[in-house]
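Look over the sequence and the fold first, then read on.

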Amino acid sequence: MFRGMSSEERIHDQSVPMGRRVFLGIAGLGALGVIFGSKVQRVVGDAIGTGLGGLLPGGDRFRIYSITGSFPSVTPDAYRLSVTGLVKKPLTLTFDELTSMSSVKLVKDFQCVTGWRVPQVHWEGVKLGDLLDAAGVADSAEAVEFDSYDGVDTESLTLSQARRPDVIVAYRMLGGPITTPHGGPVRLYVAPMYGYKSLKWLSAIRVVKKASPGYWEVNGYPVNAWVGNFDGRHDAPIT
Ligand SMILES: Nc1nc2c(c(=O)[nH]1)N[C@H]1C(S)=C(S)[C@@H](COP(=O)(O)O)O[C@H]1N2
Ligand SMILES: [Mo]
């Protein structure tokens, strides 16, 4: 189910789950098996049942991805975001604390490394750089690692990438709170990089000296994921 979404939001969102067939077309990662569990099957059923059946994979719309095949369900009340590692003041923020910080709005494309792109998505959240400043990054630090409530996905950025104004810890997208399938209540949005950098269900931010490659990177995608030339395509940069 698109829990917490009105049917109007669902239609506005136009999300479709990425099916196994689509996934298996991805060279190199196909064997990994991003296999969708029964929850996602119900998303498909629900989408079709609400008239979204006509919006099966094509251009210009989100595919819902989950490595684990399910969606961690974290309510805003239960949500916590930790900022730890090489910082002067480790933080554990509640959803209210995060959303009380000064926020930015971005209207920018979202591009998956497999080729699909959603134009002009509305995003809102706190600049990752502001969170790092609140925790106070130690001089020895050079990178930032991220964990997900799914317990599997991990990501990283260099500190200079993390401090870009178009890299945010997002809590709104597509005109509403971030839905559970899209990684709500809180996900990363790393505008200039391929979608796998925009880790969903963000649980932890860890400031480190040297980052370990994340889940998708261990499996063959570049650590520096700037939208550009990939797999014979030329994808326009996201500005
Ligand atoms: N935790 C988690 N985050 C994730 C993924 C995932 O499977 N698990 N998939 C990534 C990929 S490859 C893309 S393209 C986007 C897709 O975002 P969406 O599911 O909101 O469409 O999420 C990224 N973040
Ligand atoms: Mo992706």
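Two strands count as paired if DSSP finds at least two bridges between them. The model is predicted.

In general, strands of a sheet pair through backbone hydrogen bonds, either parallel or antiparallel. Strands β3 (residues 80–85) and β12 (residues 202–208) run parallel. Four bridges join them. In one case, G85 has V207 in β12 as its bridge partner.

**The ligand site**

How many residues surround ligand 1? The count is 21. The closest are R63, D150, H182, R187 and K200. The shell divides into 11 nonpolar, five polar and five charged residues.

| Residue | Protein atom | Ligand 1 atom | Distance |
|---|---|---|---|
| Y65 | backbone N or O | oxygen | 3.0 Å |
| D153 | polar side-chain atom | nitrogen | 3.0 Å |
| S198 | backbone N or O | nitrogen | 3.1 Å |

Taken alone, ligand 1 exposes 530 Å². The protein buries 100% of that area.

**Two buried residues**

S66 sits in the loop between β2 (63–64) and β3. Is S66 buried or exposed? Its relative accessible area is 2%. Buried means under 20%, so S66 counts as buried. The side chain of S66 also makes a polar contact of 3.1 Å with the side chain of T68.

L106 belongs to strand β5 (residues 104–111). Its relative accessibility is 12%, so L106 counts as buried under the 20% cut-off. Where does V121 lie relative to L106? The two are 15 residues apart in sequence. In space, their C-alpha atoms are 7.9 Å apart.

Terms used:
Residues numbered from 1 in each chain as written. Chains lettered and ligands numbered in written order. Predicted model: local features only at pLDDT ≥ 70, side-chain atom pairs only at ≥ 80, totals over all residues. Heavy atoms only, no water. Near = heavy atom within 4 Å. Polar contact = N/O pair within 3.5 Å; in protein donor to acceptor, adjacent residues only side chain to side chain. Areas by Shrake-Rupley, 256 points an atom, 1.4 Å probe, with all protein chains shown as cover. Nonpolar A, V, L, I, M, F, W, Y, C, P; charged D, E, K, R; others polar. Buried < 20%, exposed > 50% of the residue type's maximum accessible area, 1.4 Å probe, protein only.
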